[in-house]
Amino acid sequence: MFVWSKKLVAALLSAFVLLLGIFLLQGPSESTSGLKIHTTQWIILNYACLLVWLFVWMIDQGRVRGKNVWLWLVPFILAPLPTLMIFVLFLQRRLSS
């Protein structure tokens, strides 16, 4: 099933790189954060659990299609969203007969 188009993935990856660049160029702010520490910890916990769930899904999809997912672990840890998009495109490639 080919759900993701290459144009969509290219646009999403470009948006991710642009937003990452803007974030890195802004740098740390001088003022203190308005978020309470427990709110920040809750967000980090939810994000970490989401990453674990996504990687388990990737393992499941890789097993169904006979692909090795463990090669994707390091890129997934460094940049989860782009790695997930590229992984989905990798799984959707047509096999040459």
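Predicted model: local features only at pLDDT ≥ 70, side-chain atom pairs only at ≥ 80, totals over all residues.
Before you start: residues count from 1 along each chain as its sequence is written. Local features need pLDDT of at least 70 and side-chain atom pairs 80 or more, totals for chains, interfaces and linings use all residues, and side-chain values use heavy atoms, without hydrogens or water.

**Exercise 1.** Work out how the axes of H2 and H4 are arranged.

*Solution.* Start with the axes, which are lines fitted to C-alpha atoms over the stretch in contact, with angles from 0 to 180 degrees between N-to-C directions. Those of H2 (residues 37–65) and H4 (residues 80–92) come within 12 Å and cross at roughly 15°. That makes the pair roughly parallel (angles under 35 degrees).

**Exercise 2.** Find the residues where H2 meets H4.

*Solution.* Look for contacts (heavy atoms within 4.5 Å). On the H2 side, pick out Tyr-47, Leu-51, Leu-54, Trp-57, Met-58, Gln-61, Gly-62 and Arg-65. Facing them in H4 you'll find Pro-80, Leu-84, Phe-87, Val-88 and Leu-91. Now sort by class: the contact has ten nonpolar, two polar and one charged residues (Ala, Val, Leu, Ile, Met, Phe, Trp, Tyr, Cys and Pro are nonpolar; Asp, Glu, Lys and Arg charged; the others, Gly among them, polar).

**Exercise 3.** Pick out the buried residues of H2 and say what they pack against.

*Solution.* Buried means under 20% relative accessible area with a 1.4 Å probe, protein chains only. In H2 that gives you Leu-51, Leu-54, Phe-55, Met-58, Gln-61 and Gly-62. Next, check their partners: the buried residues of H2 pack against helix H3 (73–78) and H4.

Definitions and conventions. Helix = DSSP H or I, 4+ residues; strand = E, 2+ residues; numbered from the N terminus. Parallel < 35°, antiparallel > 145°, perpendicular 65-115°, else oblique. Buried < 20%, exposed > 50% of the residue type's maximum accessible area, 1.4 Å probe, protein only.
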